[in-house]
Amino acid sequence: MSKVKIKIVFLGHIPHSIDIDKIVKWQSELFEIMKPINTVAIVGNSDGAYWEFLDENIEEQLPSRDGADILLAVTNVPLQSNYFARRFADNRVCMTYSTMTEILKFDNIPLENLLFRVLYSVAFVYRRYGNRMPLMTEDTNFTHDETRGCIFDMNGVKTDVVYSLNGPQLCHSCVENLTTTPKYKIEKEVIDKVQGELKKIKKGLYYQLTDFIKRRPIFGNNYFISCCNNIGCHRLDNRNNNLGEINKMTISNRHNGRLEKKQFQCLNEVLCIVSSVLIQENIGVS
Ligand SMILES: [Zn+2]
């Protein structure tokens, strides 16, 4: 199966910092992003009662697909009916960060994750409907109202979107639908590869670490704090020695009976994540 070609344009000014490089470099078995990513100015103002841009207004602003299978316009203005993505004629889609940014930032989710989720969902919908995006007026059933951490969660309650932006998945029922739709079914091999890709849509390593600590607080002493202090006391040009020192400290405390077995295991997990943070993100701690 060939990859779905998607052209991304920024529609109007995006006041938030989005890592375009990360988007352009993303590799998928399902779609490819056409370069370059351009910006198109918004002409005129909102025409909705709540400062939103109604569908006809947005549709007039959208450029052509320019040879791509799908055009995805990314904007920051509110869309009709408070949706974060709307489909338009000629395989064009518009998604917005309006009100979404605050939700993502509150949960420390990179803004790019929302864009990735939309990219995967529109590419699947395009294939499932016979290489075209169905219009909003058509009867469709590719989303589900229940929040399952799936890229096809409806997210009627907008804040639920965070569950499908940190290691999202295709739920069992969506896999069934995509692989058994007569005529337009998608190979299981592609689905399996995409499931692996979706797992990479995650929070930054620092926030993975803090989430981990929130889930498993090391109670009774400030051992973890002393570990952090140990890292913080040195610059990273001595990175391996720092980690070595922490390991020695951990083992020594274990031998001295200052750490329970559970705490010891927990701390080892923390060490693995700390190592990943230091090595993969090459953080210079001072
Ligand atoms: Zn699903």
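Strand 4 and strand 5 pair in the antiparallel sense, over four bridges. Within this pairing, Arg86 stands opposite Cys94 of strand 5. The model is predicted.

These two strands belong to an open sheet of five strands, ordered 2-1-3-5-4, with mixed pairing. Strand 2 (31-40) and strand 4 (85-88) are the edges; each has a single partner strand, so one side of each is left without a neighbour in the sheet. On average, neighbouring strands are turned by 20° against each other, direction ignored.

| Strands | Sense | Bridges |
|---|---|---|
| strand 1 (residues 4-11) and strand 3 | parallel | six bridges |
| strand 3 and strand 5 (residues 92-96) | parallel | five bridges |
| strand 4 and strand 5 | antiparallel | four bridges |

Strand 3 spans residues 70-75. Ala73 of strand 3 is the bridge partner of Val9. Leu71 has Arg92 in strand 5 as its bridge partner.

How many residues of strand 3 are buried? Six of its six are, and the strand is mostly covered. Both faces are involved. Ile70, Leu72 and Val74 are buried on one side, and Leu71, Ala73 and Thr75 on the other.

Helix 4 (residues 112-128) lies across strand 1, strand 2, strand 3, strand 4 and strand 5. Helix 4 runs at about 155° to strand 3.

The protein as a whole has ten helices and five strands. Of its 286 residues, 26% are buried. Among contacts between residues at least 6 apart in sequence, 64% join residues at least 24 apart.

Key. Residues are numbered from 1 along each chain as its sequence is written. This is a predicted model: local features need pLDDT of at least 70, side-chain atom pairs count only at pLDDT 80 or more; totals for chains, interfaces and linings use all residues. A residue is buried if 20 or more other C-beta atoms lie within 10 Å of its own, exposed if 12 or fewer, and partly exposed in between; C-beta atoms are placed from the backbone. Two strands pair if DSSP finds at least two bridges between them. Two residues are in contact if their C-beta atoms, placed from the backbone, lie within 7 Å. Axes are lines fitted to C-alpha atoms, for helices over the stretch in contact, and angles run from 0 to 180 degrees between N-to-C directions.
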